[in-house]
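Here is a short report on one protein chain. Please look over the sequence and the model before reading on.

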Amino acid sequence: MAKKWKYENNWTSEDGTTGNQSQDAEVLFYQKETVKAGTFMAYTIKYTGKISNSRGYSADEEEI
């Protein structure tokens, strides 16, 4: 069964712009990954959601 949760963030930048981000997160895999430093167990997580700010910016997001 996949592990899922909701990530939410409200922020204000140095110039006074405010914004918010809301994403659903889901663990897709937990498997061995090999890099220069060695082999480690690592999570692959998918984030999908929206980001917007007080300057009118709004976008759908998808990150893995």
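## Basis of the model

This is a predicted model: local features need pLDDT of at least 70, side-chain atom pairs count only at pLDDT 80 or more, and totals for chains, interfaces and linings use all residues. Residues are numbered from 1 along each chain as its sequence is written, and side-chain values use heavy atoms, with hydrogens and water left out.

## Overall build

The protein chain has 0 helices and 4 strands. Helices (H or I, at least four residues) and strands (E, at least two) are DSSP runs, numbered from the N terminus. Read from the N terminus, the order of elements is β-β-β-β. The radius of gyration of the protein chain is 16 Å, well over the 11 Å that the globule rule gives for 64 residues, so the chain is more spread out than a compact globule. That radius is taken over C-alpha atoms, and the globule rule is 2.2 Å times the number of residues to the power 0.38. Along the principal axes, the C-alpha atoms fill a box of roughly 45 × 30 × 15 Å.

Of the 64 residues, 14% count as buried. Buried means under 20% relative accessible area, exposed means over 50%, and partly exposed lies in between (1.4 Å probe, protein chains only). The accessible surface of the protein chain is about 5,200 Å², and 50% of that belongs to carbon and sulfur atoms. Accessible areas come from the Shrake-Rupley method with a 1.4 Å probe; for residues, only the protein chains shown count as cover. Take the contacts between residues at least 6 apart in sequence: 29% of them join residues at least 24 apart. Contact means heavy atoms within 4.5 Å.

## The sheet

Strands of a sheet pair through backbone hydrogen bonds, either parallel or antiparallel. Here, 4 strands form an open sheet in the order β1-β2-β3-β4, with antiparallel pairing. β1 and β4 (58-63) stand at the edges with a single partner strand each, so one side of each is left without a neighbour in the sheet. Neighbouring strands are turned by 25° against each other on average, direction ignored. Axes are lines fitted to C-alpha atoms, for helices over the stretch in contact, and angles run from 0 to 180 degrees between N-to-C directions.

Two strands pair if DSSP finds at least two bridges between them. Strand β1 (residues 4-12) is joined to β2 by 9 bridges. In this pairing, N10 stands opposite N20, and K6 has D24 as its bridge partner. β2 and β3 pair over 16 bridges, with Q23 opposite G49. β3 and β4 pair over 6 bridges, and I51 has A59 as its bridge partner.

## The hairpins

The hairpin of β1 and β2 has 5 residues between the strands, and G16 takes a positive phi near 95° there. A hairpin through 2 residues joins β2 to β3. In the hairpin of β3 and β4, 4 residues lie between the strands, and G56 takes a positive phi near 95°.

## The aromatic pair

How many aromatic pairs does the structure hold? It holds 1. Y30 and Y43 form this pair, which is tilted: 4.4 Å centre to centre, with 35° between the planes. The pair links distant parts of the chain, with Y30 in strand β2 (residues 18-35) and Y43 in strand β3 (residues 38-53), 13 residues apart. Rings of Phe, Tyr and Trp (its six-membered ring) pair if their centres lie within 6.5 Å; planes under 30 degrees apart count as stacked, over 60 as edge-to-face and the rest as tilted.

Are these two residues buried or exposed? Y30 is partly exposed, at 47% relative accessible area. Y43 is exposed, at 55%.

T39 lies in strand β3. T39 counts as partly exposed, at 47% relative accessibility. Not counting residues up to four places away in sequence, T39 touches K32, E33 and T34.

N53 also lies in strand β3. N53 is partly exposed, with a relative accessible area of 22%. Leaving aside neighbours within four places in sequence, N53 is in contact with W11, T17, T18 and G19. The C-alpha atoms of N53 and D24 are separated by 19 Å, and the two residues are 29 apart along the chain.
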